[in-house]
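Here are my notes on the fold, as numbered points. Please read them beside the model.

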Amino acid sequence: FRKAHMRVGFYHSLIDWHHPDFVIDDIHSMRNHPDREKLNQPRDQKRYIKYLHGQARELLTQFGTIDVMFYDFSYPPGEGRWLADSHGKGRDDWDSKTLIQLTRELQPNIVVNDRLDLNDIEGGWDYRTPEQFMPREWVTVDGKQVPWETCQTLSGSWGYHRDESSWKSVEQLVRMLAEVVSKGGNLLLNVGPTGRG
């Protein structure tokens with residue numbers, strides 16, 4: 001990328017369903033397991049936070065200048081589609097304040113998305129990321145236009161699906177791009193990779 005004079009960015013999932021300390025919550029693949037409470041007993045989200053921050057440190061120190069970090073994603077109880085009594089994860093479950101400080105300390109010129117459950121005053125994000133929908137106008141916060149990027153899939157799924165049949169047409173994609181750009185945004189298109197990458 002750098003040889004082609006392109007910027008470098010990483011996607012980094014805050015969620016890791018395979019880690020033994022990641023507490024099973026309401027979106028976890030094992031959320032309906034009959035022994036969920038028992039499975040959660042040895043898990044420690046604080047140990048997971050240490051692991052998560054270590055992964056971020058590695059990404060931000062071992063690969064030169066990183067221009068963009070896309071952390072994905074927070075789902076605190078009572079926000080968006082999450083019920084107030086749901087078991088979700090937000091800023092405290094990632095120690096987001098420390099994570100954003102670490103990120104900006106290691107890569108001072110980095111641009112970070114808005115999915116750490118922090119506000120702009122806390123230095124928590126540089127751009128908004130509406131997902132799978134088209135904003136009606138330039139995205140605003142407190143009445144002020146902000147940088148934004150819509151995250152869209154080329155099909156109906158974020159991940160690989162062998163029998164996918166809902167691919168967007170070239171015409172749909174061109175119209176989507178024109179609409180996003182006309183509203184001051186950026187279009188991020190996803191292709192779900194196979195298990196082989």
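1. Strand β2 (residues 68-72) and strand β3 (residues 111-112) run parallel and are joined by 2 bridges. Within this pairing, M69 stands opposite V112 in β3. Strands pair here if DSSP finds at least two bridges between them. Strands (E, at least two residues) and helices (H or I, at least four) are DSSP runs, numbered from the N terminus.

2. A word on provenance. This is a predicted model: local features need pLDDT of at least 70, side-chain atom pairs count only at pLDDT 80 or more, and totals for chains, interfaces and linings use all residues. Residues are numbered from 1 along each chain as its sequence is written, and side-chain values use heavy atoms, with hydrogens and water left out.

3. β2 also pairs with strand β1 (residues 9-13), in the parallel sense, over 5 bridges. G9 has V68 as its bridge partner in β2. H12 has Y71.

4. Together, 3 strands form an open sheet with parallel pairing, in the order β1-β2-β3. β1 and β3 stand at the edges with a single partner strand each, so one side of each has no neighbour in the sheet.

5. How enclosed is β2 by the rest of the structure? Largely, because 4 of its 5 residues are buried. Buried means under 20% relative accessible area, exposed over 50%, and partly exposed in between (1.4 Å probe, protein chains only).

6. Helix α2 lies across β1 and β2, and runs at about 170° to β1. Axes are lines fitted to C-alpha atoms, for helices over the stretch in contact; angles run from 0 to 180 degrees between N-to-C directions.

7. Next, the helix pair. The axes of α2 (residues 45-61) and α4 (residues 96-106) come within 10 Å and cross at roughly 15°. That makes α2 roughly parallel to α4 (angles under 35 degrees; over 145 is roughly antiparallel, 65 to 115 roughly perpendicular, the rest oblique).

8. Which residues meet between α2 and α4? L52, H53, A56, R57, L60 and T61 in α2 meet T98, L99, L102, T103 and L106 in α4. Contact means heavy atoms within 4.5 Å. By class, this contact has 6 nonpolar, 4 polar and 1 charged residues.

9. Finally, a loop residue. P20 sits in the loop between β1 and α1 (36-40). P20 counts as exposed because its relative accessibility is 56%. P20 and S155 are 135 residues apart in sequence, and 32 Å apart in space, C-alpha to C-alpha.

Conventions. Nonpolar A, V, L, I, M, F, W, Y, C, P; charged D, E, K, R; others polar.
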